[in-house]
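Below are some numbered comments on the model, for comparison with your own reading. They start with a helix pair and then move to the sheet and the cores.

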Amino acid sequence: MEPPRTAGAPGAAGRPWEEAKAFYDNLAPKKKPKSPKPENAITIAVSSRALFRMEEEQKIYNEQGVEAYVKYQLDHENEPFLPGAAFPFVKALEAVNTQLRELYPDSEELFDIVLMTNNHAQVGVRLINSINHYDLFIERFCMTGGNSPICYLKAYHTNLYLSSDAEKVSGAIEEGIAAATIFSPSKDLEVSENQLRVAFDGDAVLFSDESEQIVKAHGLDMFFEHEKAHENKPLAQGPLKGFLEALGKLQKKFYSKGMRMECPIRTYLVTARSAASSGARALKTLRSWGLETDEALFLAGAPKGPLLKKIRPHIFFDDQMFHVEGAKEMGTIAAHVPYGIAQKHKQPAQEKQTPNSK
C-alpha cells in the first residue's frame with residue numbers, strides 16, 4: 001500500500017522519481033558540513049564554562065549541590081547560555097573552516113571543535129540547544145558526569161585544550177597536551193569576524209623556560225650574556241609550539257592559493273624580550289623549526305596590554321598571570337599557560353576551583 005500523498009507534492013501528477021526526490025530534499029533542513037576525521041583535523045577541546053557563561057549555574061552547584069544544579073539546567077534547557085570567553089575564538093575557527101572548505105572541498109585539514117566537560121549527560125540538551133542557537137558546528141561532545149575529562153584528551157587527538165579550570169589545565173600540560181586557562185576580559189573589545197588572530201608569548205609558551213630559569217637564578221645581565229652566547233642554539237620547544245605549527249600548516253594552504261596577504265589566520269609573537277639583546281635567538285629558534293609568526297613584537301619589559309589592544313587577538317597565551325591580568329584589563333581575551341619556573345615563584349592568587357568546574 002502506498003503512503004498517502006501530500007497535496008501539491010510531486011508524484012501526485014506522475015512526476016518522475018528524481019524530481020520528487022529533489023522536491024523533498026529542498027524541504028529538509030540544510031545539512032551541516034561533515035566532521036573531519038580526528039587524525040586529520042586540528043582538534044580544539046573547549047570546556048563548557050570556557051565556551052559559555054555559566055556563573056549562575058556554578059553558584060547553584062556551589063551553594064545547593066549537584067541535584068539542584070542538574071534540576072536548574074533541566075528547567076532552563078530551552079534558554080541558551082550567553083557566550084563565554086572562548087566563544088569569539090571558536091567563531092573565528094569556524095570562519096577559517098568555511099574558507100578552507102571553499103578552497104579545498106575534499107580536504108579534512110580543518111579545525112575540529114570538541115566540547116569537553118565534566119557535566120552530567122542530562123545537561124547535554126541545554127548545551128546542544130545553545131550550540132544550535134548560535135549556529136556553531138560542534139559535533140563531538142565528551143560529558144564525563146563529574147569525572148575529569150583530562151584522560152580523554154589524547155583519545156580525541158587534542159591539539160589545544162581551553163578550560164576555565166586551572167587544575168584541569170595543569171593536568172593536561174603534565175600529560176604533554178597544549179592547554180591554557182582562559183579568562184574573560186574586563187571589558188568588551190570588538191575582534192575580527194574574518195581573520196583568526198592568535199598571539200603568543202615566547203618563553204615558557206612557544207619556547208621552553210630555559211631562559212627564564214637563567215633570569216630567576218642569575219639576573220638579567222647574566223641572561224643577556226647567555227642569550228648572546230647561545231644565539232645560534234635553538235631553544236627547546238614549549239607547550240604551545242605544536243599549536244603554532246598546526247596554524248602554520250593551515251596558513252600555507254592559503255599561501256599556495258596566492259592568499260598570503262588575505263590569509264584568514266594571523267599569528268603574533270608578543271614577548272618581553274628586547275630585540276637587540278635577546279630577540280635574535282627567539283627568531284632563529286622559530287626558523288630552525290620551519291615556523292614563523294606574521295608579526296614579532298619585542299617589548300623590552302614594557303606592558304603588553306596596550307599593544308594587544310591594538311592587535312585585538314581572539315586569544316593571547318602567556319605563562320605569567322601578571323601579563324594575563326594586564327591583557328584582560330585592556331579588553332583582550334587572555335589565557336594562562338601554567339608551565340615553567342614562573343609557576344614555582346607564585347602560588348597564586350588564582351581563585352580556587354570547585355569540584356564541578358567545567
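1. Helices α8 and α9 cross in a right-handed sense (in a right-handed crossing the near helix is turned clockwise from the far one by less than a right angle, in a left-handed one anticlockwise). Helix α8 covers residues 210-218, and its axis lies 7 Å from that of α9 at an angle of about 145°. Axes here are lines fitted to C-alpha atoms, for helices over the stretch in contact, and angles run from 0 to 180 degrees between N-to-C directions. Glu210, Ser211, Ile214, Val215 and His218 of α8 make the contact with Leu220, Met222, Phe223, His226 and Glu227 of α9; contact means heavy atoms within 4.5 Å.

2. The model is predicted: local features need pLDDT of at least 70 and side-chain atom pairs count only at pLDDT 80 or more, while totals for chains, interfaces and linings use all residues. Residues are numbered from 1 along each chain as its sequence is written, and side-chain values use heavy atoms, with hydrogens and water left out. Helices (H or I, at least four residues) and strands (E, at least two) are DSSP runs, numbered from the N terminus.

3. His226 belongs to helix α9 (residues 220-229). His226 counts as buried, at 15% relative accessibility; buried means under 20% relative accessible area, exposed over 50%, and partly exposed in between (1.4 Å probe, protein chains only). Leaving aside neighbours within four places in sequence, His226 touches Glu210, Ile214 and Arg281.

4. An open sheet of 10 strands has the order β5-β4-β1-β6-β7-β12-β11-β8-β9-β10, with mixed pairing. Strands pair if DSSP finds at least two bridges between them. Because β5 (140-143) and β10 (295-298) each have a single partner strand, one side of each of these edge strands lacks a neighbour in the sheet. From one strand to the next, the twist averages 25°.

5. Strand β6 is mostly covered, with five of its six residues buried. Four bridges link β6 to β1 in parallel, and Ala45 has Tyr161 in β6 as its bridge partner. β6 and β7 also run parallel, joined by three bridges, with Tyr161 opposite Ala179 in β7. The chain passes from β6 through α7 to β7 in a right-handed β-α-β crossover (with the strands pointing away from the viewer, the path from the first strand over the helix to the second runs clockwise).

6. Strand β7 (residues 179-183) is antiparallel to β12 (residues 334-336), and three bridges join them. Phe183 stands opposite Ala334 in β12. Helix α7 (residues 166-174) lies across β6, β7 and β12, at about 160° to β7. Helix α13 (residues 321-329) lies across β7, β11 and β12, at about 165° to β12.

7. Thr43 sits in strand β1 (residues 42-46). Its relative accessible area is 0%, so Thr43 is buried. Beyond four places in sequence, the contacts of Thr43 include Asp112, Tyr156 and Asn159.

8. The largest nonpolar core has 77 residues, of which Phe52, Phe89, Leu196, Phe200 and Phe317 touch the most other members. Such a core is a set of buried Ala, Val, Leu, Ile, Met, Phe, Trp, Tyr and Cys residues joined through side-chain atoms within 4.5 Å. Among the contacts of Leu196 beyond four places in sequence are Phe89, Phe111, Leu247 and His314. A second, separate core of 13 residues includes Val270, Leu299, Ile311 and Val324.
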